[in-house]
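Trainee: I would like to learn how to read a structure like this one, feature by feature. Could we go through it together, with the general idea before each case?

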Amino acid sequence: MIDHRTPAVPRPQALPALLASLTPQPAKVTAYQADTYVLESVEQLARLRIDAGAFAMGHSLLLLKPDGIAARAVEPTLEWLAGNDFRVVYAATVPVNRHLVRALWYYAWNIASPERRRLAELLAALSDSLLLVVSGCGDLPTPVRLTEAKGPTDPRKRQPGQLRHLLGQHNFLLNLVHTPDDPADVLRELAIYFAENQRAEVITRAYTGADRAESARELADALYARTPRRSFDPEVALDRVRRDLERAGTPVPPDFDTDAAARAAALNRALVAGQEIDPWSAVVLGSQVLPMRIGTGPQTLPPVTAADWREGWG
């Protein structure tokens with residue numbers, strides 16, 4: 001039972017030690033001490049008299065993005081979670097917009113290309129997403145174990161048994177699901193997805209540990225009812241984009257069907273000009289032919305892997 005009677009806001013000097021126990025990345029410890037989202041979650045968990053470190057170690061978040069909804073990926077994800085000893089303890093539909101996308105990937109988007117940002121905005125506008133709060137057990141913290149088992153962003157590196165391998169080998173942008181890397185990220189993302197009052201409900205229900213998989217299925221049915229299933233076939237997307245360009249009176253290069261550079265240039269011009277192109281087809285085609293990153297430098301905060309965690313805490 002959660003004690004709501006006496007607020008217990010953590011002292012600022014305790015935050016560095018808390019974060020150092022939740023991530024093996026010193027740069028993240030430094031950055032998150034001044035991150036508003038992290039501060040909101042830590043302070044609220046303290047007011048609820050819940051150990052923030054224990055909560056973040058034992059819980060994670062799994063976002064089925066709009067491409068996951070279009071792919072009808074909810075039921076396979078729920079079955080995979082149950083088969084890998086994860087329990088869904090809360091489920092919610094969350095609206096996705098350009099601001100949420102930038103907040104989630106704030107420390108990674110310094111290397112995102114302008115083309116990727118445009119495509120991500122188109123994808124975010126296609127539908128709401130389904131967020132699952134999960135609990136688990138094992139030799140690794142729940143978010144670390146879930147992210148490792150989920151599989152990498154790069155389709156070439158995914159292995160059978162990983163969630164992303166199960167859901168389909170698409171590409172870097174169309175990867176269907178997102179999870180926080182480590183417990184420190186759980187605290188941050190919790191405050192990105194939920195305002196204070198709803199966050200209290202999420203924490204309380206997740207803390208009880210009751211299985212909410214059936215609630216997730218009901219929310220998925222509602223999302224599916226207003227979001228059509230879509231094809232991930234690049235050829236289908238190519239045909240639709242070509243027809244949309246022709247309908248808008250935009251010159252289509254003669255080698256549009258055969259040359260990736262010609263497709264990329266024509267599509268990018270249309271997107272920059274704000275022409276009416278089927279958003280889903282633009283995302284599928286664009287994720288195949290447009291650059292996804294700029295330069296060769298690292299992200300502001302590089303991803304944390306299970307290997308990093310084992311090395312830092314081994």
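Mentor: Let us begin with contacts, which in this predicted model are read from heavy atoms within 4.5 Å. Once its neighbours within four places in sequence are set aside, Asp 35 is in contact with Tyr 107 and Arg 188.

Trainee: Where is Asp 35 found, and is Asp 35 buried or exposed?

Mentor: Asp 35 is found in the loop between helix H2 (26–32) and H3. The general idea is a cut-off, since buried means under 20% relative accessible area. Asp 35 has a relative accessible area of 6%, and therefore it is buried.

Trainee: Which residues does Asp 85 contact, and is Asp 85 buried or exposed?

Mentor: Asp 85 lies in the loop between helix H6 (74–83) and strand E2 (86–94). Exposed means over 50% relative accessible area, so Asp 85, at 55% relative accessibility, counts as exposed. Leaving aside neighbours within four places in sequence, the contacts of Asp 85 are Ser 135, Gly 136, Cys 137 and Arg 145.

Trainee: How should I read Arg 87, and where is its place?

Mentor: The place of Arg 87 is in strand E2. Values between the two cut-offs are called partly exposed, and Arg 87 counts as partly exposed because its relative accessibility is 38%. Not counting residues up to four places away in sequence, Arg 87 touches Val 133, Val 134 and Ser 135, and also Gly 209, Ala 210 and Asp 211.

Trainee: Which residues have the most contacts inside the largest nonpolar core?

Mentor: A core of this kind is built from buried residues joined through side-chain atoms. The largest nonpolar core has 48 residues, and those with the most contacts inside it are Leu 64, Leu 81, Leu 130 and Leu 132. The largest share of this core, six residues, comes from helix H16 (residues 279–289). A second, separate core has 43 residues, including Val 29, Val 38, Leu 45 and Ala 103.

Trainee: What does Leu 81 touch?

Mentor: If residues up to four places away in sequence are not counted, Leu 81 touches Leu 62, Phe 86, Val 88, Leu 132, Val 134 and Leu 146.

Trainee: Let us turn to backbone angles. What is the phi of Arg 72, and what is that of Leu 176?

Mentor: Arg 72 has a positive phi of about 60° although it is not a glycine, and Leu 176, likewise not a glycine, has a positive phi of about 70°. Arg 72 is found in the loop between helix H5 (66–70) and H6, where it is buried, with a relative accessible area of 17%. Leu 176 lies in the loop between helix H10 (163–167) and strand E4 (177–178), and at 1% relative accessibility it counts as buried.

Trainee: How do I read helix packing, and at what angle do H3 and H12 pack?

Mentor: One reads the angle and separation of the axes, then the handedness, and finally the residues that meet. Helix H3 (residues 36–47) and helix H12 (residues 196–208) pack at an angle of about 60°, with their axes 11 Å apart, and they are therefore oblique to each other. Their crossing is right-handed. From H3, the contact is made by Glu 40, Ser 41, Gln 44, Leu 45 and Arg 47, and from H12 by Glu 196, Arg 199, Ala 200 and Ile 203. By class, the residues of this contact divide into three nonpolar, two polar and four charged.

Trainee: How do H14 and H16 pack?

Mentor: Helix H14 (residues 234–247) and H16 pack at an angle of about 115°, with their axes 8 Å apart, and H14 passes H16 in a left-handed crossing. In H14, Pro 234, Ala 237, Leu 238, Arg 240 and Val 241 meet Ser 281, Ala 282, Val 284, Leu 285 and Gln 288 in H16. The residues of the contact of H14 with H16 divide into seven nonpolar, two polar and one charged.

Note on methods:
Residues numbered from 1 in each chain as written. Predicted model: local features only at pLDDT ≥ 70, side-chain atom pairs only at ≥ 80, totals over all residues. Heavy atoms only, no water. Core = buried A, V, L, I, M, F, W, Y, C linked by side-chain atoms within 4.5 Å. Buried < 20%, exposed > 50% of the residue type's maximum accessible area, 1.4 Å probe, protein only. Helix = DSSP H or I, 4+ residues; strand = E, 2+ residues; numbered from the N terminus. Axes fitted to C-alpha atoms, helices over the stretch in contact; angles between N-to-C directions. Parallel < 35°, antiparallel > 145°, perpendicular 65-115°, else oblique. Left-handed = near helix turned anticlockwise from the far one by under 90°. Nonpolar A, V, L, I, M, F, W, Y, C, P; charged D, E, K, R; others polar.
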